[in-house]
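Reader: Please take a close look at one part of this model, the side-chain contacts within its helices. Keep it brisk, and give me the cut-offs as you go.

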Amino acid sequence: MEKTSTSSYGVVLVTATSKEEADAIASSLVEARMAACVSITPVRSIYTWDGKVNRDQEWQLVIKTDLSQFDQLAAKIQELHSYDVPEIIALPIIAGSEAYLQWISENVSVKKL
């Protein structure tokens with residue numbers, strides 16, 4: 001098997017206000033082949049917004065993707081998201097199993113601009 005470089009793979013973290021919103025964003029990204037997989041888990045977030053400390057139940061999306069298309073992915077998330085300023089944070093994968101990284105590559109279609 002050909003060695004898969006980790007340089008373009010990563011996870012993108014996004015929080016959503018509801019399970020339904022998280023599911024809609026995840027489904028849209030996977031169906032558009034912008035993400036190979038999206039894991040969704042409930043989280044409790046404590047954050048400052050409009051000068052007030054908030055404590056909310058949210059849903060954390062962990063999006064496995066090719067970061068070379070981060071701009072398009074972020075634009076799609078922004079289009080679908082209900083928050084004015086959604087969390088959209090990319091973290092590179094610095095190491096991973098070759099088989100898993102190959103699977104990401106096969107399931108994400110990188111669109112050249």
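Author: Start with exposure: buried means under 20% relative accessible area, exposed means over 50%, and partly exposed lies in between, with a 1.4 Å probe and protein chains only. By that rule Trp103 is partly exposed, because its relative accessible area is 32%.

Two notes on the source. This is a predicted model, where local features need pLDDT of at least 70, side-chain atom pairs count only at pLDDT 80 or more, and totals for chains, interfaces and linings use all residues. Residues are numbered from 1 along each chain as its sequence is written, and side-chain values use heavy atoms, with hydrogens and water left out.

Back to Trp103. Helices here are DSSP runs of H or I with at least four residues, strands are runs of E with at least two, and both are numbered from the N terminus. The structure holds one aromatic pair. The ring centres of Tyr100 and Trp103 are 5.4 Å apart and the planes meet at 35°, so the pair is tilted. The cut-offs: rings of Phe, Tyr and Trp (its six-membered ring) pair if their centres lie within 6.5 Å; planes under 30 degrees apart count as stacked, over 60 as edge-to-face, and the rest as tilted. Tyr100 has 35% relative accessibility, so this residue too is partly exposed.

Now the charges. The structure holds two salt bridges. Each needs a side-chain nitrogen of Lys or Arg within 4 Å of a carboxyl oxygen of Asp or Glu.

Asp23 is partly exposed because its relative accessible area is 31%. Lys19 reaches 40% and therefore counts as partly exposed.

The other bridge links Lys76 with Glu79. Here the closest N and O atoms are 3.4 Å apart. Both residues belong to helix H2 (residues 70-80). Their spacing is three residues, about one turn of the helix. Lys76 is at 22% relative accessibility, so it is partly exposed. Glu79 has a relative accessible area of 57%, which means it is exposed.
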